[in-house]
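Here is a briefing for a reader new to this structure. Look over the sequence and the model first, then read the points below.

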Amino acid sequence: MSETASATDSTPFLHTQYSDYAHVKRTGTVWTAVAHIVTGVIGSGVLSLAWAIAQLGWIGGPLAMILFASITLFTSFLLSDTYRSPDPENGPTRSSSYLDAVNLHKGEGNGRLCGVFVNVSLYGFGIAYIITAAISMSSIQKSIVYGSLGSEPTSEAGDVYNMLIFGVIQLVLSQTPNFHNIQWLSVVAAIMSLGYAFTGMGLAVVKVAENGHAEGSTKGIPTSTEMAKFWLVAQALGDIAFSYPFSVILIEIQDTLKSPPPENVTMRKASTISVFITTFFYLCCGCAGYAAFGNDTPGNLLTGFALSKPHWLVDFANVCIVIHLVGAYQVYSQPLFANFENWLRFKYPDSEFVNHVYLLQLPLLPAFELNFLRLSFRTAYVASTIVIAMLFPYFNQILGVLGGIIFWPLTIYFPVEMYLSKCNIEAWTTQWVLLRTFSIICFMVGLFTLIGSIEGIVTAKIG
């Protein structure tokens, strides 16, 4: 067992560095890290950004997006320095997960609190990705029916079936033993994300050209009351906050990197490249979408082009989204799988059900390692996310609430607090005051977005 493991044995659920991961050969580079981050970040959130910019207007929308990108990049730098301890480049103790890092630097109490936020966010991302993938799959089906019959299908049952199809795919992929075995999936998914980002942006640009002018205003979509505008701004900020969620998987990604060079140096480069790429596409897609639709900007950008020509191009974008979300679901689920399964391995070291691995050989397929704990838990996990997605298939509202829940605690509070503790920064020094002020301001923003998004769900439900 690793040095880190023995330091955290009293709270094993907060730890993922166990014997089955201790000797994994780390081969990741800056570009595999970029692929992982882009896969995790450019997901369902990009589809809501045109709507978010539409609420904030031509000045507030882009500025808010750049601000959230800068905040995310800054805190990713802080977080990358907590991977090794005590020295950020050569320290002998590794933190193999976000939870592990919090437990090491801030103690068990903060570790348990962080564990709640991390696992809720990872679980929530899975639900959001199922909803988004089902929307894209339904859009493809509607386009095909419209192209052949000339009319839109009226049945809504397709979303349920599409969620089930997407879930079956995740049931198979979830049996991948750990995060190190899905780098290929991240690369494919990252390519797909660029594919639909380019397509959505291109369709919006073409629509602007057809209109002959850019829609929209500096004040955004008008509302009947100032209070309605107030809550819509909060929801828009929540959607933007949801679009930069990779803090919770940064340490897992960093744990795949080879050294030298030091992992934190590589991670900073990867974070900078990834945030630049994602922000560029976010601005292009969001601004082009608002310019194309103006006050009629849809909550999901591609739904505005559902019946547009050429149909095959819109279908291609939706196919790219589905393939990308197949990978993104795994990127966000694998850390949760590791947390729970390693906790059970620690608690029941002699259990054959928990620990024994069987070698399964099927005709025409390579040998597969079968573990009954992995099979049963991951199957139940995927099934539960499917059921919840079916019960609450609300796209923009779910994204806003998730963004409001995770923004401050996971992106801001814990990275700042871990950095202060690790670097032994004394209270009331300039650096201490600046970091704490930064954290407090972001807390107010996060609370505002959460309340606004919840208000949006209540209003939509009542309406």
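A contact means heavy atoms within 4.5 Å. Residues 24 or more positions apart make up 82% of the protein's contacts with a separation of 6 or more. This is a predicted model: local features need pLDDT of at least 70, side-chain atom pairs count only at pLDDT 80 or more, and totals for chains, interfaces and linings use all residues. Residues are numbered from 1 along each chain as its sequence is written, and side-chain values use heavy atoms, with hydrogens and water left out.

**Overall make-up**
- The protein has 15 helices and 4 strands (DSSP runs numbered from the N terminus: helices are H or I with at least four residues, strands are E with at least two).
- Of its 463 residues, 56% count as buried (buried is under 20% relative accessible area, exposed over 50%, partly exposed in between, with a 1.4 Å probe and protein chains only).

**Helix 13**
- Helix 13 covers residues 372-391, 20 residues in total.
- Its first and last C-alpha lie 29 Å apart, close to the 28 Å expected at 1.5 Å a residue (the expected span is 1.5 Å times one less than the number of residues).
- The buried residues of helix 13 are L373, R374, F377, R378, Y381, V382, T385, I386 and A389.
- An α-helix has 3.6 residues a turn, so residues three or four places apart point the same way.

**Aromatic rings**
- The count comes to 21 aromatic pairs (rings of Phe, Tyr and Trp, the last by its six-membered ring, pair if their centres lie within 6.5 Å; planes under 30 degrees apart are stacked, over 60 edge-to-face, the rest tilted).
- W408 and F443 are edge-to-face, because their ring centres are 4.8 Å apart and their planes stand at 70°.
- This pair links distant parts of the chain: W408 sits in helix 14 (residues 395-422) and F443 in helix 15 (residues 430-462), 35 residues apart.
- W428 and W432 form a tilted pair, with ring centres 4.7 Å apart and planes at 55°.
- W428 is exposed at 69% relative accessible area, whereas W432 is buried at 14%.
- One aromatic cluster is formed by Y123, F337, F340, W343, F377 and Y381.

**Second largest cavity**
- Its lining residues are V46, L47, Y196, A197, G200, C285, L301 and L302 (on a 1 Å grid over the protein atoms alone, a cavity is a set of points where a 1.4 Å probe fits but cannot get out; lining residues have an atom within 4 Å of a point).
- Helix 7 (residues 183-211) gives the most to this lining, with 3 residues.

Note on methods
On a 1 Å grid over the protein atoms alone, a cavity is a set of points where a 1.4 Å probe fits but cannot get out, and a pocket is an open set with protein on both sides within 12 Å along at least five of seven lines; lining residues have an atom within 4 Å of a point.
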